[in-house]
Structure formats: structure tokens, C-alpha cells
Amino acid sequence: MTWTMTQDLDAFEAAAGGFLRARPVAHTVLLSVAASLGRLGANAYGDGAPWCGSWRGADGAVAGAFLWTPPRAVLLSPMPDDAAAALADALTRERCAVPGVNAVRAPAEAFAAAWRRRHGGTVATAARHRLHRLGELTPPTPAPPGAARVATVADRALLLAWFTAFAEETGASPPRHARAVDDRIAHGRCTLWETGGRPVSLAGVIPTVSGATRIAPVYTPPELRGRGYAGAVTAAVSAASRHSGATELLLFTDLANPTSNALYQRLGYQPVGDHLVLEFRDA
């Protein structure tokens, strides 16, 4: 049982791609980040070259994978606790300054405990996210005034501003390059709810991988909230994604925000499982 680590994304795809695509719901974040790196380049998330790798169990089959895009937290697939702990040791040997971990609870905590044994310091919970998958879509009734439309190049400045505002509000990292937003526009992956000729809410969608796609982000400016726009644009994007062939529709909510959790469940999104984002401090 061992980790094979690399900075070669093609080698990672060859080793772990089949494992990740076999469970696209559980592996949605790793799949989407790997796809972004393939489209936008290895520096899509930071100047440091990404690290990635796969874990093989006693039977020789891949049973875990990770992807780290400095300076963000390392992403783990579901995996045995001993694999997560061994990865913390392996990254330590490579002198990787990992700032945190993002995964389902058990491997996240196992990785963090091993990292702390090696480096000291403290571990803080930065966020708790809940993954949802869509059952039967139930659009809001009545719908708010307006209609959905796919964003165009003319909306570029607005999208850049809203993506940045969403990141600042949620503690996420804003788009590092405008080309990330340009890529979404070019492929019709941003939808706006518009009323009276004015965009009032945004819902994005990631590319479909193995039949699964994820809604992200959903953003409404603070002064326009509470009017049903976010629910309407999310329902519109969900319906369009299903029509285009996606068989699994996913989204994450912040468990600290009961309003958004209730909203998406009213639309038909059902909880799948919780993810932790843990930060390493004072090491």
C-alpha cells in the first residue's frame, strides 16, 4: 500500500482517471479541478506546479487520489484513514507547505492529525460544506419577475465582479485569471436572471464529466436578495443541464448558511454528505 505522486497531470490521469470517473458524485471536486487544469493550464490556481497522486491498496487497485494546487488546500478523494495519514507524511518528505485539507470528514481529519504530528501548530475548521444532488426538480412557484438568459461577452465585466464578490463573501479564492471566466462564457456556462433588462443573479455550471455536473457559483448582490432570484436562476440552470444530458446535478452549500440550504432543498436538491475544509496554523 503506497502513494504514487507526480506533478505530471497526464500521468495522474492515466493512473487515477478511471478511479475518479467511476464515482463522479463522490469525486466531483477533484474531477472539476483536474479538468480546469487541463483546459486553462497548470497555473490556473497558482504559480506553484500542482501535485497529484494515487493510492493503491493491498489488492493493487487504486483506492484513493489527491490533487493539490498551491496555495490552496489539498483535495482528497474518499480514502482509508491510513492512506490520508500516509499522504501527509509523503507531502512532508517533499517539503510541500500544505496550508490545509478539503475532503469528507474522516480522511480530512486523518490527514490533519498526521500533519499536526509532523509540524505542530493547530488545526482550525475553515468551512463545512454539504454536497447535494438533484432529485426531482421543483422550480419556485410563483417565479420572480424576469427570465434566465445565458451570459455573453457583453457581460464579462459584470461576471468578473460577481465572481470576485462571491469569493470574498464565502472565503473562496477568486478567479486567478480572467481566462477562467472567458472559458465559461465561451461555453455557455454562466446564466443570468434578468428583470427589467437588468441582471440580478448568477448561476454557473462546471463542465459535465461522466454524466455529472455541478452548479457553482450562485450569487445575488446583497441589495437584491430575498426576492427569489437565486432559486429561479438555479432552477433554470438545473433544467438546462438535464436537458443537455447531465444525469447527476450537484451543488455544495455552506452549512453556516441555513437560508441557502433550505432554498436548494426546496428546489429538489438532497443531501449527499459533508466536507470539511481544515486550515493548518502556527506550524
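**A walk through a predicted protein model**

C96 is buried, with a relative accessible area of 7%, where buried means under 20% relative accessible area, exposed means over 50%, and partly exposed lies in between, as found with a 1.4 Å probe on protein chains only. The model is a predicted one, in which local features need a pLDDT of at least 70 and side-chain atom pairs count only at pLDDT 80 or more, whereas totals for chains, interfaces and linings use all residues. Residues are numbered from 1 along each chain as its sequence is written, and side-chain values use heavy atoms, with hydrogens and water left out.

For C96, which is in no disulfide, the nearest cysteine sulfur belongs to C52 and is 11 Å away. C190 also counts as buried, with a relative accessible area of 0%.

The protein contains 8 helices and 12 strands, which are DSSP runs numbered from the N terminus, with helices (H or I) having at least four residues and strands (E) at least two. Its C-alpha trace spans about 60 × 40 × 30 Å along the principal axes. For 283 residues, a compact globule would have a radius of gyration near 19 Å, and the protein agrees with this because its own value is 19 Å; the radius is taken over C-alpha atoms, and the globule rule is 2.2 Å times the number of residues to the power 0.38. Of the 283 residues, 47% are buried.

We can now look at individual helices. Helix 6, residues 178–186, has V181, D183, R184 and I185 as its buried residues, and what covers them includes helix 2 (28–40), helix 5 (156–170), strand 8 (190–195), strand 9 (198–205) and strand 10 (212–219). Just after helix 6, G188 takes a positive phi of about 65°. In helix 7, which runs over residues 229–243, we find S241, a residue that counts as buried because its relative accessibility is 9%. Leaving out residues up to four places away in sequence, S241 touches V205, T213, A246 and L249.

The peptide bond from P70 to P71 is cis, with omega near 10°, and P71 lies in the loop between strand 3 (62–68) and strand 4 (74–76). Another cis peptide bond runs from T141 to P142, with omega near -5°, and P142 is found in the loop between strand 6 (122–134) and strand 7 (147–150). R95, although it is not a glycine, has a positive phi of about 60°; R95 sits in the loop between helix 3 (81–93) and strand 5 (100–104) and counts as exposed because its relative accessibility is 79%. S210 is not a glycine either, yet it has a positive phi of about 50°, and this residue, in the loop between strand 9 and strand 10, is partly exposed at 38% relative accessible area.

The walk ends in two strands. T253, in strand 11 (residues 248–254), counts as buried at 3% relative accessibility, and its contacts beyond four places in sequence are R128, H129, R130, H132, S260, N261 and Y264. H275, in strand 12 (residues 269–281), counts as buried at 10% relative accessibility. Although H275 and V104 are 171 residues apart along the chain, their C-alpha atoms are separated by 4.2 Å, and V104 is one of the residues that H275 touches, together with N102, A103, A127, R128, H129 and F252, when residues up to four places away in sequence are not counted.

Technical notes
A disulfide is a pair of cysteine sulfur atoms within 2.5 Å. Contact means heavy atoms within 4.5 Å.
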